[in-house]
Amino acid sequence: QVQLVESGGGLVQAGESLRLSCTASGSFSINAVQWYRQTPGKQRELIATWTNGRSTNFEDSVKGRFTISRDNAKNTVYLQMNSLKPEDTAVYYCNAEVGYSDYDSFGDYWGKGTLVTVSS
């Protein structure tokens, strides 16, 4: 069974950077990922999407500050967050399409989230 784990959250000051990781257990490939964030009392918000070899898109509030990449082993996708602002404070979740290789996805999985806190 595939487990998806986010990590890399923490407490930083405004203007600093964090890199979040979304890792699939085993030797599976992450072929697409959506990053969401959620603050108390609000709906989960889609902020970034990445599809291997095809497209990367960002919500306007993070465009130009956040980037997505995948490691060479293909089982970890990173969300690099630069110039962080207090309004970026949230629990960040990844939702990933996982496969045995780049071209045969078999499932869609969620991680349990990682907390990012940006102080002013």
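Close-up 1. C22 is buried, with a relative accessible area of 0%. Buried means under 20% relative accessible area, with a 1.4 Å probe and protein chains only. The model is predicted: local features need pLDDT of at least 70, side-chain atom pairs count only at pLDDT 80 or more, and totals for chains, interfaces and linings use all residues. Residues are numbered from 1 along each chain as its sequence is written, and side-chain values use heavy atoms, leaving out hydrogens and water.

**Close-up 2. The link of C22 and C94.** One disulfide turns up in a search of the whole structure. The cut-off is a pair of cysteine sulfur atoms within 2.5 Å. Here the sulfur atoms of C22 and C94 are 2.1 Å apart. The link is right-handed, with 75° about the S-S bond. C22 lies in strand β3 and C94 in strand β9, so the pair ties together parts 72 residues apart in sequence. Strands are DSSP runs (E, at least two residues), numbered from the N terminus. C94 is also buried, at a relative accessible area of 0%.

**Close-up 3. The largest nonpolar core.** This core has 29 residues. Such a core is a set of buried Ala, Val, Leu, Ile, Met, Phe, Trp, Tyr and Cys residues joined through side-chain atoms within 4.5 Å. V33, W35, F66, L79, M81 and Y92 have the most contacts inside it. Strands that each supply at least two residues include β3 (18-24), β4 (29-38) and β9 (90-99). β9 gives the most, with five residues.

**Close-up 4. Around Y92.** Contact means heavy atoms within 4.5 Å. Among the residues that Y92 touches are L20, I47, F66, L79, M81 and V116, not counting residues up to four places away in sequence. Y92 also touches E6, Y36 and R37.

Note on methods:
Buried means under 20% relative accessible area, exposed over 50%, partly exposed in between (1.4 Å probe, protein chains only). Helices (H or I, at least four residues) and strands (E, at least two) are DSSP runs, numbered from the N terminus.
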